[in-house]
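User: I have a model open and want to learn how to read it. Can you take me through it feature by feature?
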2 protein chains.
Amino acid sequence: MGSNKDKTSPKEPGRFAYEGLERLLHERSRLSILSSLAAHPQGLVFNDLKMLCALTDGNLSRQIQILQESGFVEVWKSVHRKRPQTLCRLSASGRKKFLEYIAELERVVQDVSGAGVGASAADAQATTSAVKRLLAT
Amino acid sequence: MGSNKDKTSPKEPGRFAYEGLERLLHERSRLSILSSLAAHPQGLVFNDLKMLCALTDGNLSRQIQILQESGFVEVWKSVHRKRPQTLCRLSASGRKKFLEYIAELERVVQDVSGAGVGASAADAQATTSAVKRLLAT
C-alpha cells in the first residue's frame with residue numbers, strides 16, 4: 001500500500017502534493033476526534049471525547065455528525081443512571097481509511113525528518129513500518 | 001522539547017487536542033510548500049515548487065505571500081537569461097517552527113500507531129527521536 005510512492009524521486013511532479021491528506025480528516029478538530037477514537041477501540045462517551053479533544057459541546061456535536069454522515073464514526077445511544085449517553089466509535093471502514101491518512105501524514109514527517117542532517121533513514125522508516133503492519137491487519 | 005507531553009496519560013484532558021497543529025502550517029497546500037522547502041534547504045524556484053506541490057500559479061503565489069508575511073519563507077528575486085526568477089527558501093525561524101509542527105504531527109502518528117495491535121513502542125519512538133535531533137541542531 002503506497003509502496004510505489006515511497007520510491008519516487010524528490011524531483012517528481014506532485015512529489016510533495018500529499019493528495020492523501022483529505023480535508024475531511026485533516027481538519028484539526030476531526031483529526032483530534034479520530035485519533036482519540038483510534039486510541040480507544042472500544043469507543044468513547046461524548047463527555048470523555050470532549051475532554052480529550054478539548055472541544056466545546058457544539059463543535060464536537062457538529063464534527064461527530066460530519067464524521068457519522070461520511071461513515072467514519074458510529075454513534076450509539078443509551079441510558080445510564082437515567083441519563084442519556086452517547087457512545088462514539090470508529091467504524092471498520094473509517095479505521096481503515098484513517099490509517100491510510102495517517103500513513104500519508106507519516107510520509108510528510110519522513111520527508112521532513114529525512115531532509116535534515118543527522119536523521120537516519122532507518123529511523124524515519126520505522127514508524128512507517130508500524131503503520132503498514134496496522135494497515136495489513 | 002515536548003518531552004513532558006510524551007508522558008501524559010491517554011485520559012488526560014486535552015490529550016488529543018494537538019494544539020501545536022497551527023492552522024497556518026496545517027493547511028494542505030502550505031504544508032506541501034513547507035515540506036518541499038524543508039527537503040531543499042538551498043531553496044526552490046517558483047516553477048519547481050509549483051511542480052512539486054501540484055499547485056496552480058495563483059494558489060502558490062497566494063500561499064507564498066501568506067508564508068512570507070508570517071516570516072516562514074524568504075522570497076528572493078533575480079533575472080536569469082533575461083527572465084525574472086523567484087526563489088523561495090525557508091527562513092531559519094520558519095524552519096525551527098515547522099520542525100516543531102512536524103514533531104506534533106508525529107505525535108498524532110505515534111498515538112494512532114501505538115494504539116494498534118502489533119505496533120511496537122520502539123518503532124513509534126524512532127522517528128520522534130529523529131525529529132528531536134533535528135530540533136536540537
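User: How much of chain A counts as buried?

Analyst: This is a predicted model. Of the 137 residues in chain A, 45% count as buried.

User: Which elements make up chain A, and in what order?

Analyst: Chain A holds six helices and three strands. Starting at the N terminus, the order is α-α-β-α-α-β-β-α-α. Now look at contacts in chain A between residues at least 6 apart in sequence: 58% of them join residues at least 24 apart.

User: How do I read the sheet?

Analyst: Strands of a sheet pair through backbone hydrogen bonds, either parallel or antiparallel. Here, three strands of chain A form an open sheet in the order S1-S3-S2, with antiparallel pairing. Strand S1 (44–45) and strand S2 (73–80) of chain A stand at the edges. Each has a single partner strand, so one side of each lacks a neighbour in the sheet. S2(A) pairs with strand S3 (residues 83–90) of chain A over eight bridges, in the antiparallel sense. For a reference point, find A:Ser78: it stands opposite A:Gln85 in S3(A).

User: What packs on the sheet?

Analyst: H2(A) does, touching S1, S2 and S3 of chain A. The direction of H2(A) makes about 90° with that of S3(A).

User: Is H2(A) mostly covered or mostly uncovered?

Analyst: Mostly covered: 10 of its 12 residues are buried. Among them are A:Arg30, A:Leu31, A:Ile33 and A:Leu37.

User: What does A:Ser35 touch?

Analyst: A:Ser35 lies in helix H2 of chain A. A:Ser35 has a relative accessible area of 0%, so it is buried. Setting aside neighbours within four places in sequence, A:Ser35 is in contact with A:Phe98, and with B:Phe16, B:Tyr18, B:Val108 and B:Val112.

User: How do I read two packed helices?

Analyst: Two packed helices are described by the angle between their axes and the distance between the axes. Take helix H3 (residues 46–53) and helix H4 (residues 57–69) of chain B: their axes come within 10 Å and cross at roughly 110°. H3(B) and H4(B) are therefore roughly perpendicular to each other.

User: Which residues make that contact?

Analyst: H3(B) supplies B:Phe46, B:Leu49 and B:Lys50. H4(B) supplies B:Asp57, B:Leu60, B:Ser61 and B:Ile64. By class, the contact of H3(B) with H4(B) has four nonpolar, one polar and two charged residues.

How values were computed: Residues numbered from 1 in each chain as written. Chains lettered and ligands numbered in written order. Predicted model: local features only at pLDDT ≥ 70, side-chain atom pairs only at ≥ 80, totals over all residues. Heavy atoms only, no water. Buried < 20%, exposed > 50% of the residue type's maximum accessible area, 1.4 Å probe, protein only. Helix = DSSP H or I, 4+ residues; strand = E, 2+ residues; numbered from the N terminus. Pairing = 2+ DSSP bridges. Contact = heavy atoms within 4.5 Å. Axes fitted to C-alpha atoms, helices over the stretch in contact; angles between N-to-C directions. Parallel < 35°, antiparallel > 145°, perpendicular 65-115°, else oblique. Nonpolar A, V, L, I, M, F, W, Y, C, P; charged D, E, K, R; others polar.
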